[in-house]
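Subject: A structure for you to explore

Hello! Here is the structure I promised to pass on. Have a look at it first, and then read my notes below.

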Amino acid sequence: MGLSFSVPRDVRPPASLKNVFRELNTDLGMAIPDHGDLTAWAEQGVLLLNASLTVEDGRPGSHKKIGWHPVSDALIQFASSQSRCAVFMLWGDHARSKAPLIDRSRQLVLEAVHPSPLGRGRYFGCRHFSQANDFLLAHGALPVHWELARE
């Protein structure tokens with residue numbers, strides 16, 4: 001779909017996305033959606049970006065050495081430099097390695113382990129969704145409406 005974690009409505013959400021929804025439910029009390037389409041978040045300005053922009057089906061990390069990292073680095077630096085205030089949620093070691101590219105004097109950087117089940121639950125309790133909205137509101141920006149419409 002071109003959006004990190006997102007899957008079309010007719011595809012069962014993967015385990016990592018289910019964990020994101022579980023954290024969202026715990027953090028903000030929102031219902032867990034019955035689909036994994038995150039287009040509504042993107043339409044509000046949420047950039048859902050992987051360090052590598054392509055991957056072979058069923059082979060995580062298979063394209064990490066084909067040149068995507070300079071592209072994703074440039075996108076992150078551009079977003080940081082052009083945003084009055086933005087929140088960067090860096091989930092997992094690959095994402096967390098991008099933290100030095102972000103201007104922390106104007107942006108909020110939230111870091112956590114990847115929401116994959118392989119993280120053994122360490123992702124849970126990060127409260128990134130409420131922290132993001134608190135930061136945005138404190139800086140005069142609109143909060144993200146995280147709740148996704150149910151089908």
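**Helix α3**

Helix α3 takes in residues 68–82, and at 1.5 Å a residue its 15 residues should span 21 Å; the end C-alpha atoms are 21 Å apart, so the two values agree. Helices are DSSP runs of H or I with at least four residues, strands are runs of E with at least two, and both are numbered from the N terminus. The expected span is 1.5 Å times one less than the number of residues in the helix.

Before going further, please note that this is a predicted model, in which local features need pLDDT of at least 70 and side-chain atom pairs count only at pLDDT 80 or more, while totals for chains, interfaces and linings use all residues. Residues are numbered from 1 along each chain as its sequence is written, and side-chain values use heavy atoms, with hydrogens and water left out.

Which residues of α3 are buried? They are S72, I76 and S80, where buried means under 20% relative accessible area, exposed means over 50%, and partly exposed lies in between (1.4 Å probe, protein chains only). These three cover an arc of only 70° around the axis, so they sit on the same side of α3; the arc is taken from the directions from the helix axis to the C-beta atoms. The face turned away from the buried side of α3 carries the exposed residues P70, F78 and Q82. Strand β1 (87–91) is included in what covers the buried residues of α3, with contact meaning heavy atoms within 4.5 Å.

Now try α1 (residues 15–28). After α1 comes G29, with a positive phi near 70°.

What joins the side chains of D27 and S130? A polar contact of 2.7 Å does; this term means a pair of N or O atoms within 3.5 Å, where, within protein, one must be able to donate a hydrogen and the other to accept it, and residues adjacent in sequence count only if both atoms are side-chain atoms. D27 is buried because its relative accessible area is 11%. S130, found in helix α5 (residues 128–138), is buried too, because its relative accessibility is 7%. Leaving aside residues up to four places away in sequence, D27 touches R127, H128, F129 and S130.

A nonpolar core is a set of buried Ala, Val, Leu, Ile, Met, Phe, Trp, Tyr and Cys residues joined through side-chain atoms within 4.5 Å.

Enjoy exploring!
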